[in-house]
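Thanks for sending this one over.

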Amino acid sequence: MIYLVGAPPHQDMYDLKMDAPAEIRGPFKPVNTNVSGIRICEHLPKLASIMDKLVPLRSVYGSPSGDHDSFICYTGRTVQKQPPGGWPSLGSTVSKVLGPSEGSVPPFFGLAPDAGHPPYGSPGHPGFLGVAHGAFRPSGPIRQDMVPNPSNAVHLSDRTSLLKEFDRLRSDLGTKGTFDGVDALRRQSLEIMTSSKMVDALDLSKEPLAVREWYGKGDPKNYGDGAPRNLEHFLMARRLVEAGARVVTLNFGRWDFHSDNFGECKNTHFPWFDHGMHALITDLHDRGLDKDVAVVAWGEFGRTPQINKDAGRDHWPQVGGGILAGGGFRTGHVIGATDRTGGTITRRPVHFGEVHATLYRHFGIDPHAVTLPDFSGRPHYLVDEWQALPEVL
């Protein structure tokens, strides 16, 4: 899941409004794609060239207030009226329901570093599922602690003995619940420390140079108080799912363009997003992973039809956009439509929860049959009333 931090302008990407007045339309022009009848922004030419592998979503809604928060992207729900412990993200839920597919590789990874605005650096939180199902975040100094070598073997042995003592203590105390997440983390930590599989997946130097150059580097520094525009994260995400990760999230850029929307899009965000998404989707298809790996890219809401006095677009929770790919989905078509200003949905509203239901379906999970208990013990279905998108199945 590629979270487009801060909410990109949907009507300047996949849903250009050439019949609207200039103060709504903006300067960008549409370009033909490789699917007849679908046109997107001229500054996304690489995505246009693989439209047969994509599903643009032109009518995404569900954000209740237009506040900046990654929560709805990661959960399909709103932050209002949460159960005890809070709603878990999709990655945490899949971790809980399916567990790891490979013992030494956590099921859920978050590649984003911390950000100045905390939700912009969130990988998706575990909520009432607890820390054992939180995202493994391989950024920062932890990388150096994950390389097995002979010099730390004796320390590992000592730690194992110490953990056995903790197990005995837990048994003596007869406690339940509080230690459960910690126990799972300890087991996972030992598996990771005694295997190089995950470290190898994170080591991009093991990838052929031609592939690394195909993805490119981008910029690893955070953009303002947002996320980096790091193209290596797209490659790392592919390597992690190949190694056994079930869910990988990455946060890209900082799209809150209240001023200079068109300059920011054209010069700082569109080119690298276009390149990174094209590289990832093409690579998945070339490797025969397009049915096994689903991809979604979106932000928390859309932007105003009216261009403001600073040449920017403001928050617009009424409608936003996104892209689906892979997953064995039926691609090469558009879902949803908006009016001539891009401000109101006129056909096939798509709630965030419907996309989440679709992703659970991709994992082989029936979100209306599986329940998980919150901190009070009350069971919850994985989504509310939303059904998977029939258009892509």
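**Notes on the predicted model**

1. Let's begin with the chain as a whole. Of its 393 residues, 54% are buried. Please keep in mind that this is a predicted model. The accessible surface of the chain comes to about 16800 Å², and carbon and sulfur atoms account for 53% of that surface.

2. Next, the secondary structure and the contacts. The chain has 11 helices and 17 strands. If you take the contacts between residues at least 6 apart in sequence, 73% of them join residues that are at least 24 apart.

3. Now to one of the sheets. Seen strand by strand, the order is β5-β8-β1-β9-β12-β4-β15, which makes an open sheet of 7 strands with mixed pairing. At the edges sit β5 (108-110) and β15 (350-351), each of which pairs on one side only.

4. Strand β5 runs parallel to β8 (residues 247-252), and 3 bridges join the two. Within this pairing, you will find glycine 110 opposite threonine 249 of β8.

5. Serine 92 deserves a point of its own. This residue belongs to helix α4, which covers residues 90-98. Is serine 92 buried or exposed? It counts as buried because its relative accessibility is 0%, and the cut-off for buried is under 20%. A polar atom of the serine 92 side chain lies 2.6 Å from the backbone oxygen of histidine 133. Leaving aside residues up to four places away in sequence, serine 92 touches Phe108, His125, Pro126, Leu129, His133 and Gly134.

6. On to the aromatic residues: the structure holds 11 aromatic pairs. One of the pairs is formed by tyrosine 3 and tyrosine 74, with an edge-to-face arrangement, 5.8 Å centre to centre and 65 degrees between the planes. Tyrosine 3 is in strand β1 (residues 2-4) and tyrosine 74 is in helix α3 (residues 71-75), so this pair ties together parts that lie 71 residues apart in sequence. Both tyrosine 3 and tyrosine 74 are buried.

7. Another pair to look up is tryptophan 255 with phenylalanine 273, also edge-to-face, at 5.9 Å centre to centre and 90 degrees between the planes. Tryptophan 255 sits in the loop between β8 and α10 (261-286), while phenylalanine 273 is in helix α10, so the pair ties together parts 18 residues apart in sequence. Tryptophan 255 and phenylalanine 273 are both buried.

8. My last point concerns another arginine. Arginine 303 is in strand β10 (residues 302-303). With a relative accessibility of 0%, arginine 303 counts as buried. Its C-alpha atom is 7.0 Å from that of proline 8, although arginine 303 and proline 8 are 295 residues apart along the chain.

Note on methods:
Residues numbered from 1 in each chain as written. Predicted model: local features only at pLDDT ≥ 70, side-chain atom pairs only at ≥ 80, totals over all residues. Heavy atoms only, no water. Helix = DSSP H or I, 4+ residues; strand = E, 2+ residues; numbered from the N terminus. Buried < 20%, exposed > 50% of the residue type's maximum accessible area, 1.4 Å probe, protein only. Polar contact = N/O pair within 3.5 Å; in protein donor to acceptor, adjacent residues only side chain to side chain. Contact = heavy atoms within 4.5 Å. Pairing = 2+ DSSP bridges. Areas by Shrake-Rupley, 256 points an atom, 1.4 Å probe, with all protein chains shown as cover. Phe/Tyr/Trp six-rings, centres within 6.5 Å; stacked < 30°, edge-to-face > 60°.
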